[in-house]
Amino acid sequence: MGIAVLAYLTVYTGYPLIVAPFGATAVLVFAVPESPLAQPRNVIGGCVIGGIVCVACVSLFGTAPWVMALAVATSIQLMQLTHTLHPPAGAIALVGVMSDASWDFVFTPVFTGAVLLVLCTVAFSRWIPGRPYPKHWL
């Protein structure tokens, strides 16, 4: 259900490649919900960092291959500094550069998609006994 919602969101926003990093996020939140990398702070914060970094890099430097590397490396470093490490967010940075993303990319689909996926996971965990999610919000 979460991926279906995100697939519609990607069609609406015109960023179809973004569904791939969210697919990786879905693996984390649904398969290993106890992982620190799957907690809401990491999912939402990491995705937003990846989105902001890629758009800033595209705005400053364009979409050359080296910009892809810069966006991913910078996203990783900022996620480590803010304790919001979320591996699929590195892919968001990469996809954003590949898609020549503009600032609207950060809010929709990145922020909105991350929040929707977290909310779908919370709802799913309430439906399945013995499957608490999240372990912590912050």
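A: Helices here are DSSP runs of H or I with at least four residues, strands are runs of E with at least two, and both are numbered from the N terminus. The model is predicted, so local features need pLDDT of at least 70 and side-chain atom pairs count only at pLDDT 80 or more, whereas totals for chains, interfaces and linings use all residues. Residues are numbered from 1 along each chain as its sequence is written, and side-chain values use heavy atoms, with hydrogens and water left out.

Over residues 105-128 the chain is 96% helix and 0% strand, with the end C-alpha atoms 33 Å apart.

Rings of Phe, Tyr and Trp (its six-membered ring) pair if their centres lie within 6.5 Å, and planes under 30 degrees apart count as stacked, over 60 as edge-to-face and the rest as tilted; by this rule there are five aromatic pairs. The rings of Tyr15 and Phe105 have centres 4.8 Å apart and planes at 70°, so they are edge-to-face. Because Tyr15 lies in the loop between helix 1 (2-13) and helix 2 (19-31) and Phe105 in helix 6 (residues 104-127), this pair ties together parts 90 residues apart in sequence. Phe105, at 0% relative accessibility, counts as buried (under 20% relative accessible area, with exposed over 50% and partly exposed in between, using a 1.4 Å probe and protein chains only), and Tyr15 is buried at 8%.

Phe107 and Phe111 form a stacked pair, 5.7 Å centre to centre with 25° between the planes; being four residues apart in helix 6, they are separated by about one helical turn. Phe107 is exposed at 53% relative accessibility, while Phe111 is partly exposed at 32%.
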